[in-house]
There are 2 protein chains.
Amino acid sequence: MNILRLSTRREEQQMSVKRVKSLLFYEAAGTPSGRIVRTLIERGPLSAREIGLSTGLAKSTVSTALHELRLASMVIDRRPANGRSHGVGRPATVVSLNPQAGTCVGLLIGAEHMQLIVADVSHAVLSDRTLHLGTDYSVAEAPGRAAEMLEQAYAELHLSRDTLLGVGIAVGGPVNPLDGRVLRPGGMPNWAGVDIRAMFEPVLQQAVFADNESNCSAIAEMTWGAAVGQEDFVFFTVDLGVGGAIVSHGRVVTGIAGGAGEFGHISIDPAGELCRCGNRGCLELHASLRRPLELASRRLDRPVDTEELIALALAGDVGCQRLLTDTAEAAGRGLAMVGSAINPGLVVLGGRAALAGELFMAPLEAAYDRHTLVKRSDVAPEAATRFVASRFSRNSACMGAVGMVLRHYGRRC
Amino acid sequence: MNILRLSTRREEQQMSVKRVKSLLFYEAAGTPSGRIVRTLIERGPLSAREIGLSTGLAKSTVSTALHELRLASMVIDRRPANGRSHGVGRPATVVSLNPQAGTCVGLLIGAEHMQLIVADVSHAVLSDRTLHLGTDYSVAEAPGRAAEMLEQAYAELHLSRDTLLGVGIAVGGPVNPLDGRVLRPGGMPNWAGVDIRAMFEPVLQQAVFADNESNCSAIAEMTWGAAVGQEDFVFFTVDLGVGGAIVSHGRVVTGIAGGAGEFGHISIDPAGELCRCGNRGCLELHASLRRPLELASRRLDRPVDTEELIALALAGDVGCQRLLTDTAEAAGRGLAMVGSAINPGLVVLGGRAALAGELFMAPLEAAYDRHTLVKRSDVAPEAATRFVASRFSRNSACMGAVGMVLRHYGRRC
């Protein structure tokens with residue numbers, strides 16, 4: 001990206017950090033500058049025209065406010081990334097927040113690792129690191145390890161911790177929005193009942209926002225991925241587990257206790273096999289990649305992991321293809337239940353199953369259409385449910401944790 | 001209701017109708033008077049304090065605007081209905097729109113009948129009539145018959161048609177929000193593909209709003225019923241069919257093609273019996289009152305209808321009780337799937353099954369809790385899913401069609 005102008009002096013940086021924080025935390029949400037800063041923090045670089053459309057401000061108001069924000073080193077002009085230019089003319093300049101005006105951190109708490117991403121308010125990723133901890137790391141040590149990771153990242157970037165606007169934390173279980181506690185986690189039973197914010201805020205000394213992995217992944221798709229500009233969609237993941245999120249009116253639906261979007265635990269057979277969640281016959285037992293991996297490993301008489309299973313199928317192994325398409329069919333049948341309840345306009349498929357491309361997507365879509373109420377043939381193309389693959393195959397939850405902080409401030413307008 | 005002051009002179013009535021229409025259609029949404037009128041039209045009679053809370057206007061602004069609106073005969077003061085007074089003191093006066101300032105019509109299109117309700121902007125029902133047409137009435141004759149019903153109602157009420165703000169129409173199938181057409185109706189196949197608005201607007205000469213029965217019923221619950229003040233809930237009906245609606249952020253979720261909330265057509269057994277919708281093994285086949293009625297009729301060797309089945313069960317007939325509790329269990333198991341996807345804070349049970357009270361509600365709730373992901377025992381009481389019976393057992397869709405018009409204007413602020 002070609003940055004046209006960028007103030008680098010230390011005092012200017014500190015000025016603009018202070019100014020961003022004051023616009024975000026203290027000033028009237030309604031001022032044109034405040035609205036523009038919040039829009040840019042949520043949506044990333046935009047043209048003046050897009051800022052007008054998004055904020056509803058008049059062209060002249062946007063222009064005056066941008067002039068002031070430029071003088072204060074709050075925003076900078078950039079040439080747009082490729083693909084933003086239309087036609088043959090000179091591409092329109094986009095405006096972004098000054099990258100030095102603030103940073104956000106995303107932290108993913110995995111069963112065996114933690115991942116930490118630092119991004120700035122212009123939406124650029126500055127650092128991405130992973131710490132492997134092993135299965136037996138204790139919940140109590142997590143905040144301290146996270147603080148170390150954060151300190152290292154900021155030291156390497158030569159960035160002041162004062163630039164930090166907040167830390168978003170993604171965890172592998174539903175987070176109750178009423179009390180901030182992790183609820184019935186699947187893969188990480190140690191974390192059940194933990195109040196993430198109360199545990200991490202005193203150690204990190206930062207505003208902490210917490211949500212579950214799938215909800216964070218949906219935020220990543222809305223902010224940078226396959227669902228930019230979409231106010232209503234379903235995010236559906238198929239990996240070693242099955243999960244998802246529902247976005248309605250531009251916000252992730254949490255449910256009263258944080259349990260919304262737990263599509264993998266829709267019980268499709270009340271007399272079926274026992275699930276890790278304590279119910280029977282959950283969709284996850286039929287539609288995750290766990291069983292195909294077991295069967296592929298047995299067939300090849302050696303351990304096969306997800307990446308290899310998909311690579312073998314894409315290379316033409318008919319057995320591995322069948323294992324994936326059977327899973328896609330079961331997943332589509334389960335998603336069809338969600339379809340009859342929600343009738344989404346867009347489904348974003350996440351998780352590593354999406355890496356198989358059409359091999360997985362085509363039977364998923366066909367099974368969805370076969371078993372849901374509103375079928376493709378019932379409606380005009382614009383009223384049919386569209387399916388797209390996630391843009392993030394691996395990084396989505398941690399990027400979404402960054403996005404959660406950005407959106408938190410953006411949504412205040 | 002004790003109306004303290006009410007102008008009845010013809011010219012005053014015409015003035016205030018004009019003024020309401022101008023506030024609703026033409027004036028800046030942001031004026032205090034406009035915001036107050038829209039709040040009253042959506043929510044019905046409120047105290048000055050409640051108006052302040054709902055609009056966010058300062059006490060003095062509300063007071064000045066109400067004074068002007070009183071002078072213009074736009075609003076009137078009333079003593080509140082019973083139950084609105086708190087403690088021993090004199091109950092606070094509530095303000096309502098002048099009933100003469102505007103009327104709304106709700107029209108329900110049934111398989112064999114049409115129902116028409118006239119209400120005024122103060123939320124009082126002025127007229128409620130039903131026209132039986134028989135199963136073979138043609139779609140083409142419906143608008144004309146509706147116009148006759150409307151004309152008769154206004155003539156009997158000695159009301160000018162100029163007071164009419166709009167007609168809400170409830171139909172027994174999903175209505176596509178993109179093109180206004182009825183989609184795959186279950187009980188009324190004749191109506192498939194009909195553009196309700198295009199068909200009724202030229203005949204009724206009024207603004208027409210259309211949605212399906214269950215969505216309208218959810219609006220009735222939000223406006224007058226069991227979900228007043230609730231921004232997020234699931235409405236679930238069990239009657240001869242099974243259906244429902246999802247309300248998120250205070251709005252009914254339509255889905256991309258109008259198919260959201262079709263809980264009865266969640267296919268729970270892909271190899272099951274054929275459903276009227278063309279899928280197999282839909283929830284409706286297991287959880288509607290149709291099969292219990294057949295079994296009760298066979299058992300008693302004469303036709304038994306819904307009301308009698310419920311009356312027999314409530315009177316202690318153990319067979320009829322079992323038919324209802326088995327249905328409640330199947331319905332709860334199906335609703336548990338919706339629960340794992342949405343985790344609602346509130347479920348409003350509608351349809352005539354709700355008339356059986358705890359006999360139906362208790363096994364429904366127990367089956368829901370058994371099969372959904374987040375269980376009552378997992379969370380604090382305030383994070384558990386609450387179940388309440390609908391306030392309307394019969395009239396809900398037609399009342400909701402009235403509410404749809406009121407909310408249409410209310411929501412503009």
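## A bridge in the chain B sheet

In this predicted model, Gly168(B) has Phe209(B) as its bridge partner in strand 7 of chain B. The two strands concerned are strand 6 (residues 164-171) and strand 7 of chain B, which pair in the parallel sense over 5 bridges.

## The sheet as a whole

This pairing belongs to an open sheet of 5 strands in chain B, whose order is 5-4-3-6-7 and whose pairing is mixed. Strand 5 (125-132) and strand 7 (208-212) of chain B stand at the edges with a single partner strand each, so that one side of each is left without a neighbour in the sheet. On average, and with direction ignored, neighbouring strands of the sheet are turned by 15° against each other.

## Helices packed on the sheet

Helix 5 (residues 142-156) of chain B packs on this sheet, where it touches strand 3 (103-109), strand 4 (113-120), strand 5 and strand 6 of chain B, and its direction makes about 40° with that of strand 4 of chain B. Helix 13 (residues 396-410) of chain B also packs on the sheet, touching strand 3, strand 4, strand 5, strand 6 and strand 7 of chain B, with a direction that makes about 140° with that of strand 3 of chain B.

## How the two chains are related

Chain A is superposed on chain B by a rotation of 180° with 0.0 Å of shift along its axis, at an RMSD of 0.1 Å; that is the relation of a two-fold axis. Among the residues of chain A, Ile268(A) comes closest to the rotation axis, its C-alpha lying at 3.3 Å.

Because 98% of the interface residues of chain A are also interface residues in chain B, the copies meet through the same surface.

Conventions:
Residues numbered from 1 in each chain as written. Chains lettered and ligands numbered in written order. Predicted model: local features only at pLDDT ≥ 70, side-chain atom pairs only at ≥ 80, totals over all residues. Heavy atoms only, no water. Pairing = 2+ DSSP bridges. Helix = DSSP H or I, 4+ residues; strand = E, 2+ residues; numbered from the N terminus. Axes fitted to C-alpha atoms, helices over the stretch in contact; angles between N-to-C directions. Contact = heavy atoms within 4.5 Å. Least-squares fit on C-alpha atoms with pLDDT ≥ 70 in both.
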